[in-house]
Amino acid sequence: MKSTPLSLIAGVVALAAVTGFAALTVPGDDGATEAKAAARLPVERSSLLCPAPSTSDLAETTYTSFTPAAKDGPKDGTAELKAAEALPADEDEDEPADGRTGDADDKKSDDADADDKAKTDADDKKKAADTKPVVSLKDLGKPVTAETSKSGAPALVGTATDRFAPGWTTQQTTTAAAGGARGLLGVSCTAPDTDFWFPGASTGASRQDYVHLTNPDDTAAVADIELYGAEGPLKSDVGEGITVPARSSVPLLISTLTGEAAENVTVHVTTRSGRVGAVVSAAEDEVGSDWLGASADPAGTQILPGIPADATSVRLVAFAPGEDDADVKVQLLGKNGTFSPAGNDTLHIKSQMTASVDLKNVTRGEPGSLRLTPTDGSRTPVVAALRVVRGTGAKQEVAFIPATGPVGERATVADNRAKGSVLSLTAPGKTAKVKVTASAGSEGGEAAVKTYTVKGGTTLEVTPEAPAGLKGGYALTVETESGGPVHAARTLTIPEGGIDMFTVQTLQDDGGTVEVPEAEQDLSVLDD
């Protein structure tokens with residue numbers, strides 16, 4: 001009799017839940033039976049990395065961590081973010097020597113042991129303080145916040161397990177009231193990966209852009225950074241073989257990686273070993289600062305949702321990473337329909353060259369989203385981002401919107417306030433219906449749920465219905481109920497010093513479930 005132990009089956013399910021992939025082959029089946037169908041199960045582990053927020057003494061940062069409520073699933077689990085530079089090295093300590101030669105030596109040894117014990121106790125206390133979580137979730141469906149005004153606060157590395165893993169998200173929001181990095185800087189903490197594209201960066205004299213690389217693992221990662229301007233690759237002798245130590249974060253001033261100044265630059269981050277979280281901080285003289293998140297992976301069609309209605313300047317930056325040029329149709333999905341900006345209905349993007357176009361105040365008082373589609377049917381893949389400015393003169397403020405995928409089954413953005421949060425929903429294809437849940441507040445309140453219909457080819461901007469009795473901040477979760485794909489972004493606005501500081505975060509499918517193959521036949525008992 002041949003049999004496949006149930007522990008093997010359980011192992012495959014667990015592997016898929018953690019990694020997103022698993023395959024099961026029956027012994028003696030020569031690979032003929034791998035999978036019959038696929039079931040979706042909640043993930044059991046998620047990782048997030050938050051960049052170092054600011055070096056300014058005037059900056060205040062809020063972390064908001066959240067996992068959506070679930071009807072069933074595991075009862076246990078944790079979700080914690082800790083300082084990257086303070087995580088333990090997990091190195092074994094040397095054992096003390098054994099053997100004595102006399103009373104005097106015994107006393108010296110006892111004294112040394114006592115000193116060593118005192119030092120070890122002190123080190124343990126310091127390590128315990130250093131490794132205390134900055135943010136730790138307690139309940140599903142209720143966000144937890146933490147704040148810091150510490151100059152030079154470290155990057156954070158976090159892991160969620162079991163019940164807290166599916167859909168875990170964390171928002172980092174920094175308010176810098178003055179200085180060269182003045183602005184509202186918001187970023188959704190990212191999962192580690194090996195490949196990132198950042199169109200919209202700059203090495204120009206008016207910009208100070210840093211790429212932040214954070215390594216969550218126990219071994220060093222080695223990264224390469226490539227820069228592309230309007231004429232092609234920018235020469236760099238220091239962008240290769242960048243070591244990111246274990247459980248550490250490295251910020252790199254992009255302008256120091258090349259001697260060429262370029263207003264619009266595409267940054268490509270890859271790792272030759274290990275994995276990192278990557279995000280770009282951009283500060284522009286007299287305009288403000290914000291985080292630039294990675295674009296969606298290269299694709300023929302890209303959606304950039306959530307351009308504010310009162311945007312005074314919108315610049316599209318795009319890049320074609322392949323060997324072929326790309327010609328794309330530029331369309332604005334507005335409140336009532338789709339149209340092409342006058343004089344900018346198409347954009348030619350040369351291979352491995354960064355293209356840009358100033359769309360000015362393209363939304364003209366109505367919210368909108370941008371859609372890029374191939375004009376010739378070739379579907380040459382591109383990446384893209386928007387630089388968006390609100391206000392004029394000394395009251396300007398800047399934010400960035402990278403191309404993003406649809407919300408899919410579910411997507412969440414944390415750190416919404418009683419005032420200042422606006423949700424943008426766009427359906428580039430068919431009309432769609434979505435459910436929007438405003439979670440309980442971090443300090444109190446009851447969740448609120450509302451359903452919206454987004455007409456195909458339009459953008460719907462809504463002010464979310466705040467939780468009843470709201471105290472503190474809350475999270476917004478968007479779920480697709482029917483129809484075509486929906487892309488979403490949240491704009492958070494906080495008035496500061498007479499300036500409407502703002503930041504825009506796109507919402508992407510949270511990957512809370514993964515497909516797990518089901519065996520084609522009953523594996524509990526297999527006869528000879």
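Thr169 has a relative accessibility of 11%, so it counts as buried; buried here means under 20% relative accessible area, exposed means over 50%, and partly exposed is in between, with a 1.4 Å probe and protein chains only. Hello everyone, that is my way into this structure. Before going on, please keep in mind that this is a predicted model, where local features need pLDDT of at least 70, side-chain atom pairs count only at pLDDT 80 or more, and totals for chains, interfaces and linings use all residues. Residues are numbered from 1 along each chain as its sequence is written, and side-chain values use heavy atoms, with hydrogens and water left out.

Back to Thr169, then. Thr169 sits in strand β8, residues 169-176; strands (E, at least two residues) and helices (H or I, at least four) are DSSP runs, numbered from the N terminus. What is Thr169 in contact with, leaving aside its neighbours within four places in sequence? The partners are Leu48, Thr64, Ser65, Phe66, Thr412 and Ala414, where contact means heavy atoms within 4.5 Å.

Let me zoom out to the whole chain. The chain has 38 strands and two helices. Of its 528 residues, 49% are buried. Taking the contacts with a separation of 6 or more, 81% are between residues 24 or more positions apart. The chain exposes about 24,300 Å², and carbon and sulfur atoms supply 48% of that; these areas come from the Shrake-Rupley method with a 1.4 Å probe, and for residues only the protein chains shown count as cover.

Now for the cysteines. A disulfide is a covalent bond between the sulfur atoms of two cysteines. In this model the call is made when a pair of cysteine sulfur atoms lies within 2.5 Å, and the structure holds one disulfide. Cys50 and Cys189 form it, with their sulfur atoms 2.0 Å apart. The link of Cys50 and Cys189 is right-handed, with 110 degrees about the S-S bond. This pair joins distant parts of the chain, 139 residues apart: Cys50 is in strand β2 (residues 45-50), and Cys189 is in the loop between β9 (183-188) and β10 (195-201). Are these two cysteines buried or exposed? Cys50 is buried because its relative accessibility is 0%, and Cys189 is also buried, at 7%.

Rolling a probe the size of a water molecule over the atoms shows where empty space is left. On a 1 Å grid over the protein atoms alone, a cavity is a set of points where a 1.4 Å probe fits but cannot get out, whereas a pocket is an open set with protein on both sides within 12 Å along at least five of seven lines; lining residues have an atom within 4 Å of a point.

The largest pocket has a volume of about 1,400 Å³. Its lining has 48 residues, and Cys189, Thr190, Ala191, Gln508 and Asp509 lie nearest its centre. The second largest pocket has a volume of about 870 Å³. Grid points are joined across faces, edges and corners, and a volume is the space filled by probe spheres set on the points. Here 37 residues form the lining, with Pro68, Ala69, Ala70, Lys71 and Arg410 nearest the centre. Among the elements that each supply at least two residues of the lining of this second largest pocket are α1 (6-19) and β30 (432-438).

One last stop is Gly445, in strand β31 (residues 444-446). At 30% relative accessibility, Gly445 is partly exposed. Its C-alpha atom is separated by 5.8 Å from that of Pro467, 22 residues apart along the chain.
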